[in-house]
Amino acid sequence: DCLAFSPSVVTSSSRWMNKRASSKVITFAVANSICSFDETDFAGGVGNWPYTDEDFSRIDKSDDTRFYDSPRFVTHIDDNAISALTDYYELEMSNKKKGEIDVLDLCSSWVSHLPEQNDSITYGKVVGVGMNEEELAKNKQLTEYYVQDLNKEPTLSRFEDDSFDVVCNVVSVDYLTNPLEVFQEMHRVLRPGGIALMSFSNRCFATKAIAMWLQADDIGRLTIVASYFHYSAKWSSIEAFNLKDAPLKTPDRPSFGEMFSNPAAGFAWASTASAVAKSNQGDPMFVVKGVK
C-alpha cells in the first residue's frame, strides 16, 4: 500500500507546479472535479521537462518482464472503486461522438473496467497494451491486444495518428519510468477532442512505483500526472477528479433510555452505523483527464 510511504506534503513540488491551482469545482453524478490546470499552474512550458532520473528510480530495478511474468487474475482496487471508475467511464463515453468509440487501454490486464455497450456507447476497436499475455487473452472486452513493456518501448508506433477516441490507464501510471514519451504518444494517437483518462488509487506495488510517487500524497500525485500531460504536448484541457462520494454521516445514537425502552431502535442504529462505516471505508479513486 503506497500510504506507508506518503508524507503529508510534496517537498519538490515547486519544480513542476506553482503554488496556485485553479479551483473551479463542478459536481457530476459520479465525479467531483477537484481542479482544472492551465499553463500558469506549472513552472515551465510544454517540452520543458523538469524531472531527473532520480525521480523515476525504483526500489526494484530488475527487469519488469520478470515481475509480470506470472499472471495475476486479481483486481487491485476494491469493488466500490471499480464501480465508481466504470460509472465515470460511462459518463465520459456517453458524452463522446455518436457512433463507434475506439479505445486504447494502456497497461491493460485481464479486465478493463469499461462499461458494457448500451444505447449511448458502442465500441469499435478496444485495444489492450500490457505486460502479460495470459492476462490480456482473458480480457473479453479487448478486440485485440499487444504485449509491450512501455518502460522499455514507450512508443506506440504500431498505431496511426488520430486513431483512438479514448486512451485509458488504470492504476498503473505510477509505474511508468518514461512518462514523457508515453504521454506524447497518447496525444498523437488520440483524435482531436479525444480524451486520456489516467486513474489511480492509493495502492501500488511499492517496489515498482517511481520514487517521487512514493514521496507524494494524493494531491501531489494528481499534480504529477497533470504535469505529465502539460509537459508532453499541447492538451486543450487538463482536469483532476475524485470519483468517490463524500463520506456519509453516521446517525446519532439513541440514548440508553431510548434503547432500553425500544431495543429495536438500538439494533436499527447499530445496523445503519455499520453500513455507513463500511461505505466510508475503501479505496479512494482519482482520475486526471486530458482532452486533445
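Reply: First, the ground rules: helices (H or I, at least four residues) and strands (E, at least two) are DSSP runs, numbered from the N terminus, and a helix's expected span is 1.5 Å times one less than its number of residues. This is a predicted model, with local features needing pLDDT of at least 70 and side-chain atom pairs pLDDT 80 or more, while totals for chains, interfaces and linings use all residues. Numbering starts from 1 along each chain as its sequence is written, and side-chain values use heavy atoms, leaving out hydrogens and water.

Let's take H2, residues 79-94. Its 16 residues should span 22 Å at 1.5 Å a residue, and its end C-alpha atoms are 22 Å apart, so the two agree. Quite a few of its residues are buried, including Ala 81, Ile 82, Leu 85, Tyr 88, Tyr 89 and Met 93. Here buried means under 20% relative accessible area, exposed over 50%, and partly exposed in between (1.4 Å probe, protein chains only). The buried residues of H2 pack against strands E2 (100-108), E3 (122-130), E5 (164-170), E6 (190-200), E7 (237-242) and E8 (286-291), a contact being heavy atoms within 4.5 Å.

For comparison, look at H6, residues 218-232: 13 of its 15 residues are buried, so H6 is largely enclosed by the rest of the structure.

Now the charges. A salt bridge here is a side-chain nitrogen of Lys or Arg within 4 Å of a carboxyl oxygen of Asp or Glu, and the structure holds ten of them. In one of these, Lys 208 pairs with Asp 60, with the closest N and O atoms 3.7 Å apart. Lys 208 sits in the loop between E6 and helix H5 (211-214), and Asp 60 in the loop between strand E1 (32-37) and helix H1 (64-67), so the pair ties together parts 148 residues apart in sequence. Lys 208 counts as buried because its relative accessibility is 0%.

Glu 185 is buried, at 12% relative accessible area, whereas Arg 188 is partly exposed at 22%.
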